[in-house]
Amino acid sequence: MKTIPFFILLYCCISCNGQPPLGTDHLTLEKSIEMPEVSGRIDHLTINLKDNLVYVAALGSNTVEVVDLNRGKVIHSIKGLDEPQGVCYLPVQNELVVANGGNGNCMFYNAVTYATIATVHLGSDADNVRYDAGNKKIYVGYGSGGIAVIDAATHQQTANIPLPVHPESLQIDEKNKLLFVNLPDNNSVAVIDMPTAKVIHTWKIDSLKANFPMALDTAGNSVIIGYRNPPMLVSYNATTGKERSRTALIGDVDDVFYYEPKQEIFASGGDGAINIFKKASNSGFTRIANIPTRSGARTSLLIPSLQRFVVAERPSGGKYAALAVYKIND
């Protein structure tokens, strides 16, 4: 039998981001769903749990791809968009919200016929979308500094929350009626009181830059933020803004999620890996997995009720764009 040189074995065991694979038993790649018509950058994703459909903001193609997880295929493409960035499914209305970065339009679509229901024009760079189901309000970050509050039933903007710079990830703390917002161009995090639609605190960040993704551990009273410069996962006390812990993170991170059943963080980065972190007794996090992915695959979606983690892969190396669907192992 031919002997394989040690240096080749070592090379094969190193992921494309220069870190050895770790804890690959935490996730199992279940399927890869190709999206042949998608080109360029892929932005955010959302889930329709009733029909097991994932909606993908294919920014580079100016489309939203509708992917059926059960059938493992694209079943529809909403075309003619202008840099779609944020997407959000509204289950009660059975509608899809799409925020367009190019023209600033926030579009509402019927999730069965895909007909346009309404358009709210937000000026420019409509981006992240979040839905407060309890109050039927939609929050959309946009422009050079603002969050629009839209009534989900009437499709009318009811408030505007001014911010000093463009907002990135925004996360809703339903328990405390707070909205946490990353402001990377201002090296800060804004804390907004949702009933009054006003900023009540601003946390200034020192030594770390490019705070794009965010997740909340509401039970643990923690805000978890992913930084790109340097790549770092940092947790904060959600009441005081005081830093609790920090640990090294995959580069070019764009999405982080807190998985409550296992008290774990899932993070996807464009440098080519999924990082998984386990919550420690001191409210910090220890990395337990570094799973190689396609380079540039930085956006993702955690679906807790299905025990699935979905990573959006850009087209590269002659391969179509795809959704890599991972099963979260028990």
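So, to start: is Glu30 buried, partly exposed or exposed? At 38% relative accessibility, Glu30 counts as partly exposed, where buried means under 20% relative accessible area, exposed over 50%, and partly exposed in between, with a 1.4 Å probe and protein chains only.

Quick caveats. This is a predicted model, so to speak in its own terms: local features need pLDDT of at least 70, side-chain atom pairs count only at pLDDT 80 or more, and totals for chains, interfaces and linings use all residues. Residues are numbered from 1 along each chain as its sequence is written, and side-chain values use heavy atoms, with hydrogens and water left out.

Okay, back to Glu30. Its salt-bridge partner is Arg308, with the closest N and O atoms 2.8 Å apart; a salt bridge here is a side-chain nitrogen of Lys or Arg within 4 Å of a carboxyl oxygen of Asp or Glu. Glu30 sits in strand S1 (residues 27-35) and Arg308 in strand S27 (residues 308-313), so this pair ties together parts that are 278 residues apart in sequence. Strands are DSSP runs of E, at least two residues, numbered from the N terminus. Arg308, by the way, is buried at 18%.

The whole structure has 11 salt bridges. Another one pairs Asp217 with Lys279, at 2.7 Å from N to O. Asp217 belongs to strand S18 and Lys279 to strand S24 (residues 273-279), so here the parts tied together are 62 residues apart in sequence. Asp217 is buried, at 1% relative accessibility.

On a 1 Å grid over the protein atoms alone, a cavity is a set of points where a 1.4 Å probe fits but cannot get out, and a pocket is an open set with protein on both sides within 12 Å along at least five of seven lines; lining residues have an atom within 4 Å of a point.

Asp217 turns up again here, lining the largest cavity along with residues including Asp173, Asn176 and Phe180. S18 and strand S19 (222-229) each give two or more residues to that lining. The space inside is about 40 Å³, a volume being what probe spheres set on the points fill, with points joined across faces, edges and corners.

And the largest pocket? About 1,400 Å³. It has 48 lining residues, and the closest to its centre are Arg130, Gln171, Phe257, Leu301 and Leu302. S18 gives the most to this lining, with six residues.

Terms used
Helix = DSSP H or I, 4+ residues; strand = E, 2+ residues; numbered from the N terminus.
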